[in-house]
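Colleague: I have a chain open here and would like to go through it with you. Can we start with the overall layout?

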Amino acid sequence: MVKSILSKGCMFLIMSAGFACQAAPAKQIRVSEYDLTPDERQVMVCKTIAGLITHYNYKKVDLDDSISSVVYDRYIKALDQNHTYFLASDIKDFEKYKTVLDDDVKAGNLADAFTIFNVFQKRYIEHVTYSLAHVSDPFNFDRADSFTFD
């Protein structure tokens, strides 16, 4: 029994490695000059993990649109938990990725996930640049200012 499972696992990994040699990262949307891009290794790992989750997880989880939606929500929350960096228009643009992340993971296409991260990185750099530009502005303690946060 154990020998059978080990042989199936080894066969799966060998086949995955063979397919991964033919893998190439998908084209992604250019966001800024600092964009990160997935490489062939990440594509291979992505496909392998998708196979492991689908076939060898004790729950036998199917990667479908409902899982994709959960992953999308968690990814957005992990990047911008306090809603500080992403604009409403960014989130609206990202909605198209909500149900395709499962298909992307199966295909080893990390372009959409990297695009979301690159937009985050761009907004973060804009935020820091703006903050640094206004750090030396004088304070006016005579007027009543307020700050509203989530």
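**Layout, helices and pockets**

Modeller: Along the sequence the pattern is α-α-α-α-α-α. Bear in mind that this is a predicted model.

Colleague: How many helices and strands is that?

Modeller: The chain has six helices and zero strands.

Colleague: What share of the chain is buried?

Modeller: Of the 150 residues in the chain, 25% are buried.

Colleague: And the contacts, what part of them joins residues 24 or more positions apart?

Modeller: Counting the contacts with a separation of 6 or more, 72% are between residues 24 or more positions apart.

Colleague: Which other residues of α2 are buried?

Modeller: The buried ones in α2 are Val43, Cys46, Thr48, Ala50 and Gly51. The helix has 17 residues, and its first and last C-alpha atoms are 23 Å apart, close to the 24 Å expected.

Colleague: On to α3. How far does that reach?

Modeller: α3 reaches 21 Å from first C-alpha to last with 15 residues, close to the 21 Å expected at 1.5 Å a residue. Its buried residues are Ser68, Tyr72, Ile76 and Leu79.

Colleague: Where do those sit around the helix?

Modeller: Looking down the axis of α3, the buried residues fall within an arc of 70°, so they line one face of the helix. As a rule, an α-helix has 3.6 residues a turn, so residues three or four places apart point the same way.

Colleague: What is on the face turned away from that buried side?

Modeller: That face of α3 carries the exposed residues Arg74, Lys77 and Ala78. The buried residues of α3, for their part, pack against α4, α5 and α6.

Colleague: How does the span of α6 compare with what it should be?

Modeller: The 24 residues of α6 should span 34 Å at 1.5 Å a residue, and the end C-alpha atoms are 35 Å apart, which agrees.

Colleague: Which residues of α6 are buried, and what covers them?

Modeller: The buried residues are Ala111, Asp112, Phe114, Thr115, Ile116, Asn118, Val119, Phe120, Gln121 and Arg123. The cover over the buried residues of α6 includes α2, α3, α4 and α5.

Colleague: Changing topic: pockets. What is the volume of the largest pocket?

Modeller: The largest pocket has a volume of about 430 Å³. Its lining has 19 residues, and those nearest the centre are Cys46, Val71, Leu101, Val105 and Leu110.

Colleague: Which helix gives the largest share of that lining?

Modeller: α2 does, with five residues. At least two residues each come from α2, α3, α5 and α6.

Colleague: What classes of residue are in there?

Modeller: The lining of the largest pocket has 13 nonpolar, three polar and three charged residues.

Colleague: And the second largest pocket, what is its volume?

Modeller: The second largest pocket holds about 160 Å³ of space. Among its lining residues are Ile29, Arg30, Asp90, Phe94, Val119 and Arg123. The elements giving two or more residues to this lining are α4 and α6, and α6 has the largest share with four residues.

Colleague: How does that lining divide by class?

Modeller: Into five nonpolar, one polar and six charged residues.

Colleague: You listed Asp90. Is aspartate 90 buried or exposed?

Modeller: Aspartate 90 counts as buried, because its relative accessibility is 6%. Aspartate 90 is found in helix α4. Apart from neighbours within four places in sequence, aspartate 90 is in contact with Val119 and Arg123.

Colleague: Last one: histidine 83. Where is that?

Modeller: Histidine 83 lies in the loop between α3 and α4. Histidine 83 counts as exposed, because its relative accessibility is 61%.

Colleague: What is its phi?

Modeller: The phi of histidine 83 is positive, about 55°, although the residue is not a glycine. Most residues other than glycine have a negative phi.

Notes. Residues numbered from 1 in each chain as written. Predicted model: local features only at pLDDT ≥ 70, side-chain atom pairs only at ≥ 80, totals over all residues. Heavy atoms only, no water. 1 Å grid on protein atoms, 1.4 Å probe; cavity = no way out; pocket = protein on both sides within 12 Å on 5 of 7 lines; lining within 4 Å. Points joined across faces, edges and corners; volume = space filled by probe spheres on them. Nonpolar A, V, L, I, M, F, W, Y, C, P; charged D, E, K, R; others polar. Buried < 20%, exposed > 50% of the residue type's maximum accessible area, 1.4 Å probe, protein only. Contact = heavy atoms within 4.5 Å. Expected span 1.5 Å × (residues − 1). Arc of directions from axis to C-beta.
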